Each structure stands twice: as structure tokens, then as C-alpha cells.
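These are my notebook entries on what I looked up in the structure. I set down each point in the order in which I examined it.

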Amino acid sequence: MRSMNRKLVRAGLCVFLFAFVANAAEKGNAAKPNIVFILADDLGYGDVRANNSESKIATPAMDGLAKAGIRFTDAHSGSAVCTPTRYGFITGRYCWRSRLKRGVLNGYSGHLIDPSRPTVASILKSAGYKTGCVGKWHLGMDLPRKKGAKGKRGGVDYTKRVRNSPNAQGFDYFFGITASLDFPPYVYIRNDQFTEVADQRFKGLPFPYFIRAGEITKNFKHVETLDVLGEEAVKFIKGHANKAEPFFLYVPLTGPHKPALPAKRFEGKSGLGPYGDFVMHVDDVIGKIDGALKSEKIVENTLVIVSSDNGSYMYRLDQAPARNRGKGGEDHVKNPRVQAYLAKHHKANAHWRGTKADIHEAGHRVPFMARWPAKIKAGRTSAETICL
């Protein structure tokens, strides 16, 4: 029974830790640590070279964080898909306690979190933190509708205020998009206001880009989104570093979730097709965010955590459904339209069975590393079971 209790406590580590560090620092002499939580989207356990020495994908930023802190080898997401995991992380509750019992929300979905419910952001805010969220929210917002608009999607009035944005969930600042990068509307939101009017129509693209058709602004470029979010995260850090109040920055990135659309500077760099190049792009953005902490000289007392909301969607070719296999044994390296790798080329989810959305291990086993020089000894590896 005591063993079971210990496991249950460890399963709530992430949310508990955020509340704990603020409380512990307040009681002691040390300053409250800044907290940066970077949540990659669909990043597989085996995509990170620190977890998978056989990986051909260069991930120096994540590898460096793991080397300078602690790497968990038995970390799990609360679900094998996006929205439920995010609900669990933000609220500290089991994901199935919300109204969403299966699947994920879309870009037009209304708010999932009760505005009166405590969140990791509201708890830290009450402890004196400045709180920010930069990235994909995917927990629903109440988008303003045009008079007479019909249906659950479209009919958005982009000139009016968004209700129940992340600002209503304890975040002082928000910049990002409503859901995954393959879900319209394709428009950025700053706090509770759209930055532009989405008055154009995107036709959609097939895999590996896989972008659904829908409303888009004239200036929105999918390929630029990761860099835009990285720049916004850096601005937040530089604007809140070395202030009287510590900060909590939640960065839910949009990659390597579909669309697998790396910037030109990464095209062909991995030798593993668009997906491999896109993982390199994700790592680069993480490196730039970490670089801001270093340039502001606040690394020592900043807790940085990097993880993923679930496993990778890239199959191993021998496990992939027929619809995801190429002709004649082609994989993603030979044909970018194939959503699978030969094991000899890459194991996005390492040796775990399955893929994203599976109940199998690959669906929820995720990379997880934490660095906090003031408290965490460098170079540690833990096999403790933890959960987002």
C-alpha cells in the first residue's frame, strides 16, 4: 500500500512541483525560481537523441538540458492525444473529469476549463508570479460570433474580444493560436484580441504538411509559426527577467505535430525527410528560448522543463496500418508522403509499441527533462514513474 501511495504521489509530480517550488522558496531564504515549461507537440521519446543514441536527428538543445539537469526515462502524458493531456497539466485533474470524453477540441471549440477552477497559472500568480502562455492553447476559447452566424465553426467576428481565453485561466499574458497548427482559424491571438481579421480561405494540404482547409489571415504563414512563437517567448523572458517578481512561462509549441513543415534552413538537414527536419526545427526553437535565459543571466535559479503532450504520430513501418505504408517498402525517407519509418532509419517512439492516439506505450511515453542548477544536480537520470 505504501508503494502504491508513493506511485500516486509521483504521478502528480509536474503540477505539484510547480506549486511546491514557489511555496518552498517563499519559506526559505532563496528567491522563488522562474519556471519555464516547454511542451512540444507530438514529440516522440525516440526523437530526442539523449533518449535514443541511435537517432540521426540532431537535438543539441534538448540534449544539453538533459545533461545539465535530470532526465526521466519513465515519464507519461495524461492522454495519448493533445487536449486531454493539456487539461490535466493545467488543472492537475484527471483529463476525463472534463466534458471531453474522447478525441480533441477543434480551433472553434468553446472553453473546456471552468473559469472558476484553480490552474497551475492561477496558483503561481497568487504566489507572486507573472504568468505567460505562448503557443497553441487547444483547451477551447469562446470566439465572438457574427450576428446570425450558424453552425459551430466559422462565422467569427475577428474585430471583437475573445472570451475565456488563457487570460481567464490565470495567465497575465497570452500569444498564440486556438488549437493545433492544422486546425483553422489560422490567426494569432494576443491576450483576448485577434491580431488580424481572417478574411481569406486556405485550401488545405495533404500529408506530410496536412493542413485542414479554413479561414486564414493574409499574413499567416504556417511555416513561420514555430519561429514566431519562439520570438514571442524570448520577448516574454527578456521583459520579465531580473524583476522583483519571478515569472512562469508555459510554451506549448506547435511542432513536430502536423503539418511537418520545417523552415527552409532545416530542409534536408536530418536526412530523414520533413519530419526529421521539423524535429530539428523544434529543438532549435527550444535552444533560442534557453539562450534568452542565458543572455539574461537567470539560468541558475530558473526551472526549465521540456516534455511532450503525447508520443509521435510517426509509425514504425512494420507496425503501420496499410494506408500509412508506401509501395515496395517505401518509408518517410524515400517518400515524404509515407507516415512511417523503417526501423533502421528512425524510431520516433524508440522501441515502444504503437504511436500517438494508441493505448500502447508509444502513445503516452514521453521525453521529460528538467534543469534547475540551484537545486538539481547535473547529469542525473531517473527511472521513477512520473506523469504530466
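**Entry 1: Ile-286 and the cores**

I looked up Ile-286 and found it in contact with Ile-38, Ala-61, Met-62, Leu-65, Leu-253 and Val-306, leaving aside its neighbours within four places in sequence; contact means heavy atoms within 4.5 Å. Apart from the core of this residue lies another core, of 44 residues, among them Ala-121, Cys-133, Met-141 and Ala-370. A nonpolar core is a set of buried Ala, Val, Leu, Ile, Met, Phe, Trp, Tyr and Cys residues joined through side-chain atoms within 4.5 Å. Buried means under 20% relative accessible area, exposed over 50%, and partly exposed in between, with a 1.4 Å probe and protein chains only.

I noted that the largest nonpolar core has 56 residues, and that Leu-249 and Ile-286 have the most contacts inside it. Helix H7 (273-295) is among the elements that give two or more residues to this core, and H7 gives the most, with 10 residues. Helices (H or I, at least four residues) and strands (E, at least two) are DSSP runs, numbered from the N terminus.

**Entry 2: basis of the values**

I recorded that this is a predicted model, in which local features need pLDDT of at least 70, side-chain atom pairs count only at pLDDT 80 or more, and totals for chains, interfaces and linings use all residues. Residues are numbered from 1 along each chain as its sequence is written, and side-chain values use heavy atoms, with hydrogens and water left out.

**Entry 3: strand S13**

I asked how many residues of strand S13 (residues 365-371) are buried. The count is 7 of the 7, so the strand is largely enclosed by the rest of the structure. Arg-365, Pro-367, Met-369 and Arg-371 are buried on one side, and Val-366, Phe-368 and Ala-370 on the other. In a regular strand the side chains alternate between the two faces of the sheet.

I then traced the partners of S13; two strands pair if DSSP finds at least two bridges between them. S2 (residues 70-76) pairs with S13 in the antiparallel sense over 5 bridges, and Ala-75 has Val-366 as its bridge partner. S10 (residues 302-308) also runs antiparallel to S13, joined by 4 bridges, with Val-306 opposite Met-369.

**Entry 4: Ser-308**

I found Ser-308 in strand S10. Ser-308 counts as buried because its relative accessibility is 0%. Its side chain reaches the backbone nitrogen of Leu-43 at 2.9 Å and the backbone oxygen of Asn-310 at 2.8 Å.

Definitions and conventions. A polar contact is a pair of N or O atoms within 3.5 Å; within protein, one must be able to donate a hydrogen and the other to accept it, and residues adjacent in sequence count only if both atoms are side-chain atoms.
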